[in-house]
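Here are a few notes to read alongside the model.

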Amino acid sequence: MRASAEAWSWELMRDLGVDPARVVEVAAGSEPATRAALLVVDAGDRRASDGALAAGVLKSVRAGLASEGHVLVVGGRTEDAPELCSLRNALWPHLHVVRAYRMKRGEPVLRIELGGSTRLPHVATSDGYAVLALERLVAMSPATTAQKFDKNAAGWNGVPGAPDYAHFRWMRKLLAVLGKPRRGESALDAGSGAGWVGIEAAKMGAVVSSFDPSPEMVKFVLANAASEGVKVEGRVGFCEKPPFDGPFDLVLNSGVISFSPDADVFLDGLCGVVKPGGRLVIGDLNPRSRGMTRRRTQKPIVPVREMNASLREDVERGLERRGFRVEWRRFYQLTSPVPELIHRSKSRVVQGGLLAANRVACAVDGALGSPLAPLFDSWILGATKAAR
Ligand SMILES: C[S@@+](CC[C@H](N)C(=O)[O-])C[C@H]1O[C@@H](n2cnc3c(N)ncnc32)[C@H](O)[C@@H]1O
């Protein structure tokens with residue numbers, strides 16, 4: 001088998017901690033006799049973008065991948081990024097691609113990951129490519145999510161002065177403001193991250209509870225609330241089964257639904273903690289944005305949430321099925337550098353002007369609807385639950 005002949009593939013097995021006895025190699029479309037921890041599927045000389053190849057890979061995977069196992073699709077051509085993207089897109093939503101390799105005979109093997117590309121010390125002995133994938137439900141499992149955010153909780157919390165920080169605070173405030181929390185109302189920040197949306201709502205007088213799957217994030221919520229002089233309760237949990245019964249006057253949910261393996265189960269959980277007559281503000285990545293559209297065709301490796309992001313109208317329909325009326329809809333967060341400028345500007349005049357410009361952009365979107373969608377990173381909507 002071509003991949004296993006290459007020195008780099010042994011490194012890969014070491015990275016994955018796979019017992020070589022549990023590696024099974026098959027031609028795409030064949031059904032292996034045993035379930036493999038690493039299933040190597042040979043694409044032959046077919047283009048990575050060949051739809052029949054993806055169908056064959058999925059057939060082999062269904063028959064022969066052990067639970068939590070990895071799949072390595074290997075082909076005998078040197079493919080460029082758009083070809084690898086086609087294969088990645090065709091394997092979704094069953095599989096999520098987490099790594100790729102590009103081989104050109106006589107040149108160092110290129111490893112492509114989320115963080116960028118690395119030239120390996122191994123010189124390729126033949127042309128080829130390989131993509132490493134795992135099942136979407138494994139990539140998005142509750143345990144994976146909690147671990148991922150525990151590990152990078154400090155990064156998500158943001159450091160004042162660091163490049164992303166201003167941007168994050170600005171949009172979190174926008175979310176809370178659009179929720180219009182009233183003094184004394186109960187509010188829930190569901191999937192709180194480091195807590196900034198809920199903290200903004202607490203500053204406006206709401207009595208805020210919050211939760212997040214990552215215990216490390218919850219620690220940040222409590223510390224951030226204390227340092228901002230407000231009280232926010234923090235628990236560990238998932239939107240699919242919130243750790244509060246509620247119900248709440250206002251539920252805020254910012255940038256979370258794309259992490260959920262099942263948007264319906266997610267919305268069931270979230271909607272269940274909104275009071276009859278209460279409000280839900282939900283926002284997330286906009287899969288129609290220019291940036292995401294470009295990355296889906298140019299970057300072989302993208303975060304799983306980008307692949308999984310929901311369209312605003314699909315979430316709207318999901319809410320309507322659950323007895324909500326969508327009151328308003330927006331896209332928000334004009335792409336860089338406007339949000340950063342808004343936050344960084346010390347001048348009230350400039351800040352007010354930029355905020356106003358952004359609000360006008362949001363309002364125009366409200367009037368014109370989705371033709372403006374590609375200009376924005378994220379969507380947001382507000383809905384009211386039917387009073388009983
Ligand atoms: C992009 S961050 C957004 C955090 C915060 N809402 C904000 O806007 O600052 C996503 C957060 O959602 C949490 N999360 C992921 N899946 C979740 C789920 N199914 N239910 C609740 N929270 C989840 C993660 O742990 C992470 O803290």
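**Notes on the model**

1. Let me start at one side chain: that of Arg99 makes a polar contact of 2.7 Å with the side chain of Tyr101. A polar contact here is a pair of N or O atoms within 3.5 Å; within protein, one must be able to donate a hydrogen and the other to accept it, and residues adjacent in sequence count only if both atoms are side-chain atoms. The side chains of Arg99 and Asp15 are also joined by a polar contact, of 3.1 Å.

2. Before going on, a word on the source: this is a predicted model, in which local features need pLDDT of at least 70 and side-chain atom pairs count only at pLDDT 80 or more, while totals for chains, interfaces and linings use all residues. Residues are numbered from 1 along each chain as its sequence is written, and side-chain values use heavy atoms, with hydrogens and water left out.

3. Arg99 lies in strand S4 (strands are DSSP runs of E, at least two residues; helices are runs of H or I, at least four; both are numbered from the N terminus). Arg99 counts as buried because its relative accessible area is 12%, and buried means under 20% (1.4 Å probe, protein chains only). Leaving aside neighbours within four places in sequence, its contacts (heavy atoms within 4.5 Å) include Leu12, Arg111, Glu113 and Ile301.

4. Next, the nonpolar cores, meaning sets of buried Ala, Val, Leu, Ile, Met, Phe, Trp, Tyr and Cys residues joined through side-chain atoms within 4.5 Å. The largest has 27 residues, and Leu39, Val57, Val71, Leu87, Leu91 and Leu95 have the most contacts inside it. Among the elements that each supply at least two residues of this core are strand S1 (23-27), helix H4 (81-91) and strand S7 (128-135). Its largest share, five residues, comes from H3. A second, separate core has 26 residues, including Phe244 and Phe376.

5. Beyond its neighbours within four places in sequence, Leu39 touches Val24, Pro32, Val61 and His70, among others.

6. Helix H9 (residues 196-203) meets helix H10 (residues 215-228) through Trp196, Ile199 and Lys203 on the H9 side and Val221, Asn224, Ala225 and Glu228 on the H10 side. The residues of this contact divide into four nonpolar, one polar and two charged (Ala, Val, Leu, Ile, Met, Phe, Trp, Tyr, Cys and Pro count as nonpolar, Asp, Glu, Lys and Arg as charged, the others, Gly among them, as polar).

7. Finally, helix H11 (residues 263-272) has Phe266, Leu267, Gly269, Leu270 and Cys271 as its buried residues. At its start, a side-chain oxygen of Asp262 reaches to within 3.0 Å of the backbone nitrogen of Asp264.

Note on methods: Buried < 20%, exposed > 50% of the residue type's maximum accessible area, 1.4 Å probe, protein only.
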